[in-house]
Amino acid sequence: MALTADGRAAAARRAVARLAPSLADAVELRLEEPRPQERGADGGEGFSIAPLDGRTGSRTDGRADSRADGRADGRVLITGTTTVALVSGFHWYLRHVADGHLSRTGDTVPAEAPRPDAVTVKSTPYTDRYIYNFTVNGYTSPYWTFAEWERELDLIAAHGINRALVTTGLEQVWVDTFSRFGYTEEEVRDWVCAPSLQPWQHMANIGGIGPAPSPGLMERRVELGRRIVARMRELGIEPVLPGFAGTVPDGFAERVPGARTVPQGTWGPFTRPDWLATDGTHYRQVAAAYYEAQQELFGTARYQAVDLLHEGGTPGDVDPGAAARGVERALRDAFGPDYRWVVQAWGGNPRDDILAAVDRGRLLVLDLGTEHDERWRKDAFQGAPWALGILANVGGREGLYGAVGELLTRVPATLGEPGRGALTGLAVMLEGVQNQTVIQTALSDLVWESGPAGDAETWVAHYAAARYGADDASAREAWRLLLRSTYDSWTDWPSGADSLFNARPSLDSAKASPFAPDRISHDPDLVERALLALLAAAPRLGRTGTYLYDLVDVARQVLANRARVLLPRIKAAHEAADAGEFDRLAHVFLDTARLADTVLATRPEFLLETWLRQAERWGTDPRERAALRADAARLVTVWGDRPAADWVEDYANHDWAGLLSTYYVPRWERYFGALSASLRSGAEPVPTDWFAHGAAWARHPPRTADRPAGDPLRAVASVAATLTSGDRT
């Protein structure tokens with residue numbers, strides 16, 4: 001049942017109270033339909049921020065006060081046309097008036113709400129503001145509880161998001177569907193991947209990589225998924241659910257006589273699930289059962305994400321246009337004419353023949369990584385509504401990376417491009433959303449901008465002041481240097497270069513992830529100068545959590561950059577057969593990695609144990625807890641159940657305390673030890689099966705600290721001391 005206007009305003013007030021309780025009573029939120037002259041193609045969605053006359057309750061913007069009793073509880077009036085507009089209007093006020101900040105990497109909220117000096121009116125040119133790459137529910141949130149999701153949903157509303165993907169608990173739809181087509185529930189559960197890998201099963205890349213979720217775990221995940229969907233609807237965010245693209249368990253054609261399935265080959269070393277041809281009656285029957293089961297569990301969600309033949313899938317002898325029309329027909333059957341078919345523009349999809357075959361007005365195409373490849377420039381997706389997406393992160397990795405200035409200018413400029421077609425949205429498509437705060441904040445501002453968002457230096461100076469709650473000259477200089485280095489270019493797309501501490505040991509290692517760039521494109525000296533400038537702000541900002549997070553994060557980048565200087569020197573010593581110099585430099589490399597672990601251990605956001613315990617808490621007995629802990633450990637190391645060194649091993653490597661000390665550093669110790677012994681004996685070093693080594697570690701990941709240890713200021717000062725002393729070897 002849709003909320004009334006009062007109910008929607010109340011939902012916004014609750015969100016604001018959760019996000020910023022100290023300001024909740026000082027800000028008046030009112031839902032108000034736009035005046036006719038304010039309505040545009042976007043429906044007039046927007047907000048206004050105005051000072052409020054505390055005696056009369058009237059605004060000072062010349063418009064009538066619609067509140068019947070004229071009473072005002074605060075000094076700030078925020079009026080919005082939707083729940084999301086209200087919450088996002090508050091966020092705009094917090095950032096641009098109150099000099100505060102909300103993010104996944106910390107908040108800065110003032111104790112009192114300053115009165116605005118003038119009226120601000122904002123509207124969005126985008127009807128579709130989308131978030132979540134499928135992979136987010138693997139690399140960020142596979143083991144979140146509602147406590148994390150409640151905070152997350154408030155945050156995305158504050159960032160102006162009104163469409164969001166939900167996959168939690170949707171695996172039960174597979175069980176309920178395929179148990180009607182010749183499979184037992186246990187057989188379907190055995191086909192369902194472990195929670196951290198389910199996003200790739202939804203994308204038809206893999207199937208059956210365990211541990212298979214227990215019935216109890218699936219029930220708990222369904223309950224969480226229902227709560228997520230319900231809260232989204234309360235906040236005015238449209239849930240986007242995975243639709244049925246034809247992916248079926250093994251042996252489907254044998255169990256359903258007459259069904260036509262097409263083998264999909266492999267995704268790297270993994271066997272892809274078969275595809276049920278979507279142009280036939282069997283697909284229509286299964287799709288009807290799938291959408292019926294989905295609606296029984298989660299209610300009706302007219303936005304359905306369906307990617308036909310994703311990342312290398314093949315149609316066999318099935319006409320792709322007919323296949324697309326089959327998907328379209330099933331969506332119309334289930335949801336009526338108002339369905340929306342959400343499609344990812346990625347890896348050759350959506351195909352031209354698929355776009356040409358369907359009602360493109362019902363599509364929403366997500367152009368995933370426009371910072372690198374503007375797919376829309378080809379033909380604007382043949383007129384289909386589309387959203388401009390930013391990837392900016394793969395695997396959830398930590399590297400500082402992006403082009404803030406380019407983002408602030410290109411996104412609004414695209415609105416005026418003559419060949420833009422039906423550009424209706426922005427899409428936050430990071431593979432992991434727990435970092436890249438400056439990029440995500442810029443996107444949040446751009447939701448409400450139709451024109452230039454200002455020059456990058458001015459914007460980032462205000463970003464720093466709001467994030468830290470104070471305008472500090474040293475912090476401002478640090479961010480100016482970062483803007484000229486790590487945040488100056490998209491050259492390293494799709495993510496910044498990762499840390500060689502995390503790489504599979506080799507003297508020739510240039511990256512850890514198979515899909516990371518093999519060099520850094522920024523000037524590391526500028527990053528070191530940024531660290532020193534940021535550390536100089538400690539006397540004024542040293543008690544601010546957002547500042548301490550950034551300080552540790554920049555120090556992490558400095559140390560990761562240093563590994564790229566050390567490893568070639570180690571290789572040179574080895575090639576020169578200089579055992580003494582080899583050992584010395586190897587010790588420096590390892591000590592630098594240990595220093596990184598010490599620095600990271602001072603902040604809760606960089607702890608391996610946090611990640612592992614999120615998974616463990618979902619188990620109800622020791623065996624299940626151990627299996628889920630191992631699942632989480634596997635994803636961030638070897639990823640899957642078989643060797644995939646050139647595909648996904650270390651794809652989701654992390655600069656985390658505990659992961660460095662118990663996994664990455666011991667790998668390098670073992671490798672360097674073997675090479676050192678070889679230099680002295682003349683014998684060939686004993687090779688190591690690094691997949692077997694990683695898989696064994698992931699089966700029983702050691703317990704490490706679950707709380708921060710040490711003082712981040714002192715830890716980072718020890719990094720800075722090596723810079724100022726010139727001791728970089």
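At 0% relative accessibility, Gln294 counts as buried, where buried means under 20% relative accessible area, exposed over 50% and partly exposed in between, with a 1.4 Å probe and protein chains only. The structure is a predicted model, in which local features need pLDDT of at least 70, side-chain atom pairs count only at pLDDT 80 or more, and totals for chains, interfaces and linings use all residues. Residues are numbered from 1 along each chain as its sequence is written, and side-chain values use heavy atoms, with hydrogens and water left out.

**Exercise 1. Describe the surroundings of Gln294.**

Solution. Begin with the element: Gln294 belongs to helix 10 (residues 281-298), helices (H or I, at least four residues) and strands (E, at least two) being DSSP runs numbered from the N terminus. Next, list the contacts, that is, heavy atoms within 4.5 Å: apart from neighbours within four places in sequence, Gln294 meets Leu170, Val173, Leu241, Pro242, Gly299, Gln304 and Phe335.

**Exercise 2. Determine which parts of the chain the salt bridges Glu234 to Arg14, Glu152 to Arg104 and Glu609 to Arg629 connect.**

Solution. A salt bridge is a side-chain nitrogen of Lys or Arg within 4 Å of a carboxyl oxygen of Asp or Glu, and the whole structure holds 53 of them.

Step 1. In the pair Glu234 and Arg14, the closest N and O atoms are 3.2 Å apart. Because Glu234 sits in helix 8 (residues 215-235) and Arg14 in helix 1 (residues 5-19), this pair ties together parts that are 220 residues apart in sequence. Glu234 is partly exposed at 21% relative accessibility, and Arg14 is partly exposed at 38%.

Step 2. Glu152 and Arg104 meet at 2.8 Å, N to O. Since Glu152 lies in helix 4 (residues 146-158) and Arg104 in the loop between helix 2 (83-96) and strand 4 (120-123), the pair ties together parts that are 48 residues apart in sequence. Here Glu152 is buried at 2% relative accessibility, whereas Arg104 is partly exposed at 26%.

Step 3. For Glu609 and Arg629, the closest N and O atoms are 2.9 Å apart. The former lies in helix 21 (residues 608-616) and the latter in helix 22 (residues 622-635), so parts that are 20 residues apart in sequence are tied together. Both Glu609 and Arg629 are buried.

Step 4. Salt bridges that share partners join Arg14, Arg18, Glu150, Asp154, Arg231 and Glu234 into one network.

**Exercise 3. Identify what caps the N-terminal end of helix 16 and which of its residues are buried.**

Solution. The cap is Asp472, one of whose side-chain oxygens lies 2.9 Å from the backbone nitrogen of Ser474. Within helix 16 (residues 473-483), the buried residues include Ser474, Ala475, Ala478, Trp479, Leu481, Leu482 and Leu483.

**Exercise 4. Decide where the coordinates call for caution.**

Solution. Start from the average: the protein chain has a mean pLDDT of 94, and 95% of the residues score at least 70, pLDDT being the predictor's confidence in each residue, from 0 to 100. Then locate the exception: over residues 62-73 pLDDT stays under 50, and the model has 22 contacts beyond four places in sequence for them. Where pLDDT is low, the predicted coordinates should not be read in detail.

Conventions. A polar contact is a pair of N or O atoms within 3.5 Å; within protein, one must be able to donate a hydrogen and the other to accept it, and residues adjacent in sequence count only if both atoms are side-chain atoms.
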